[in-house]
Amino acid sequence: MSGVVAATSAPAPDTQALLAVLALPFIGAALVPVVYRALGERTAYYAAAIALFCFALVATQYGRVGAVTIPWIPELGVSLTLYVDGLSLLIGFLASGVGVLILTYSGGYMHGEPGQAKYYASLLAFMGSMLGVAFAADLIALFVFWELTSISSFMLIGHYQRKRSSQYAARKSMIITVAGGLFMLIGFLLLHALSAGAIGEATFTLVGTEGAMIENADAMNEALRSSGLLVPVIALIGVGAAAKSAQVPLHIWLPNAMEAPTPVSAFLHSATMVKAGVYLVGRFRPLLVGDEWMLIFATLGLITMTVAALLAVGATDIKELLAYSTASHLGLIIAGFGFANELGAETGAFHILNHAVFKAALFLVAGIIAHEAGTRLISDLGGLRKDLPIVAGITAVAALGMAGFPPFNGFYSKELLFEAAYEVAAHSGGLWWVFPAVAVFGSIFTFLYSIKFLSLFFGDKPKELGEVHSPPWTMLAPPLLLAGIALVISISPQTAIDTIVQSVFESAIPAHGPGEEVHHMTIGLPTKLKPAVIMSAITIAVGAVAWPFYDRLHAGVNALTDVKYLRANWYYDNAVYGLTSASQLSMPQVQTGLVRTYVTWALAAVSVLALSAYLAAGAALPAFTGIGLGIPIVLVLLVAVVGAVAVSIAPSHIAGVLTLSILGFMVAVFFVLANAPDLALTQLVIETLVLVIFLLVLDKLPAYYGTARRAVAARDAVLSAVVGATVFLTVLLSTAATPDDPIYTYFIERAGIPEEHGPLLVDYGGGGNIVNVILVDFRAFDTMGEIAVVAMAALSVLTLIAMRGRGERG
């Protein structure tokens, strides 16, 4: 069953279209190995066709608002809830639309490259994961897709898997983004726990339904404040967003990720994956916005914007420059969404679009330069406009947009940031004036590195730089189209506002009451002198004055980063290498080669966790009522106790196994006394087989155990008691419940043959033994899985036996 809930008077989303959008990329990725055998390098266009179809499906949802709910784990309140609004559509359009361009571009760029089947499969899987992040409205589904983006990006960043630098980069991105996701998950679970008291029923649904968290934002906010968890939840979600969107100090993985092929950098690290973090902040903004929110996210965003801009000035490689600039502009978006006023929401909403367009184009330009010039070093490049005139035009539009130079697209969202920061400072005063000052300071360096990238196409061409060929049209068309979109936004920014940005803005602000009008964004070139205009003028003027000193600034930044204590990478590397060294030192104590050691650690850990959970949950033992012990059961128990004691003092392997089998046979007798002959027969067969197998194996082992140290024996005795207590308590607690509608009544009613039935029994087991019917009918998939496991184990044993003789001859 699925339900569709429309949030407004807009038409509801289409369930089949949304499910197809999520499923198609993964199906396409699974088929890539087969397709690659048939098409070879033209698989790029197969993948691009899938992305195009996904883009068309997303486009069918344009103008729709609402949620689609498909039950997933009803018992836990978990459902696959998909939500469509302006914010999700924008991310969906970027993931699929830029995906079309990147996959087309890859058809030329990846010519002759290794591992193309894995490359295209990973790109499609990543696109599907990102689409899942965009449309998931359930926190569990959001987390699953969130982690899938980390896994698929790990594959793409480590594409050149034999290079140590690629291995290092992929590992770093995985550690940071997955660790951030775990912090985020804790925040999600806290929200779920608090939703029960705030809304009346615990829910994982974030947005889109009447019982969702954002639809009950006031109650959720009050519950978070009263419990003292508002700041911890904001911080936990902030860590997840900062890790994915490369915010300081978790930005360090992004420059290393440039080891990936350039199309990957353009797709993941400019338009899509790094947008997941800012999407998360935008999505949670209506729920958590306030002074605490603003202090955390506005501060984080502006610090990242400034620090990353400085690092971009110190870059020596064009992709490194673009990587740091990406972190800087993501900081701008985070800061925008961080400001609690509506101008902040406008900033974040508009700059998501602007940044994706001009940065994806610049990454593709960087790929063309590296592909055709054979180098990415800034010092080796210059005068490229003569050989690449069209690329030079693309770069001019994109780089000036990145610089925030009027009237290019980035200027408008930068103006909104300045207005938002100034408004907050003017309203609150005091230290809040730091916000507009830092925004201007960081923007100056943004202007400088943007002009530096553009300058690669001007001036004299270095003598060492050989002939630079024009790229194929498959590589030229995608950045040209992106530059065209950027130019359209630059000429008519209001068109972009009315088309998509207004709805994104509405998604990032708290819900308005009935009859309240939502502010409509209007934007254009300034016509009168305002504080934001002055801030922009200062940015450009100071940037122009500082431009002749760019090399000195470049050297100064690198001198600072040469101080190891000022490099975030220094802390990361030492932490990772320190943990590696600690694990190597502990290895001899943990990996002893003795089964006794492994069993001790495993059983002790499980027991401690289980007992701690029972204690934390305040579990109470059930009342022992209605229990009668007859003489036969007492005798069985006494024999079992005697057998257990005999096992502990048995002088040899054979004696221990024989006395241990007494316990198994007593269990079988207990089943007989409990009127369960089928279970007793099963227990007898298994016990007999185990006894025979043990005796056959023991024939190859020494006859006696030997002596154990008293400390070891005491430890094993304590562990045995703890494990026994854990099992005892677990059985008591798990069987204490007496539901009003026990499941066995269903089995009794449905296991047999009804009085009236047709030639096929669909709703009934049709058997005479309830246990057998449960195994082969009600639990058919479990049984099939168990049979498969046994079959695989049998095949493995046969394989080892067959290979034994072959190995001896070898």
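Start with the lining of the largest cavity: its residues divide into four nonpolar, four polar and one charged. Here Ala, Val, Leu, Ile, Met, Phe, Trp, Tyr, Cys and Pro count as nonpolar, Asp, Glu, Lys and Arg as charged, and the others, Gly among them, as polar. To see the lining, select Ala403, Gly404, Phe411, Lys414, Phe418, Ser443, Ser536, Thr539 and Ile540.

A quick word on what you have loaded: this is a predicted model, where local features need pLDDT of at least 70, side-chain atom pairs count only at pLDDT 80 or more, and totals for chains, interfaces and linings use all residues. Residues are numbered from 1 along each chain as its sequence is written, and side-chain values use heavy atoms, leaving out hydrogens and water.

Helices are DSSP runs (H or I, at least four residues), numbered from the N terminus. The cavity has a volume of about 50 Å³, and a search of the whole structure finds one cavity of 30 Å³ or more. A cavity is a set of points on a 1 Å grid over the protein atoms alone where a 1.4 Å probe fits but cannot get out, and lining residues have an atom within 4 Å of a point. Points are joined across faces, edges and corners, and the volume is the space filled by probe spheres set on them.

Next, hop to Pro407, in the loop between helix 15 (389-403) and helix 16. The peptide bond leading there from Pro406 is cis, with omega near 5°.

For another cis bond, pick Val248 and Pro249, where omega is near 0°. Pro249 sits in the loop between helix 8 (230-244) and helix 9 (253-256). Stay between helix 8 and helix 9 and click Ala246. Its phi is near 55°, a positive value in a residue other than glycine. Most residues other than glycine have a negative phi, and most peptide bonds are trans.

Is Ala246 buried or exposed? It counts as buried because its relative accessibility is 0%; buried means under 20% relative accessible area, exposed over 50%, and partly exposed in between (1.4 Å probe, protein chains only).

Then find Asn221 in helix 7 (residues 217-227). At 13%, Asn221 is buried too. Leaving aside neighbours within four places in sequence, Asn221 is in contact (heavy atoms within 4.5 Å) with Leu230, Leu287, Leu288 and Val289.

Last stop: Ala20 in helix 1 (residues 15-39), partly exposed at 28%.

Note on methods
1 Å grid on protein atoms, 1.4 Å probe; cavity = no way out; pocket = protein on both sides within 12 Å on 5 of 7 lines; lining within 4 Å. Helix = DSSP H or I, 4+ residues; strand = E, 2+ residues; numbered from the N terminus.
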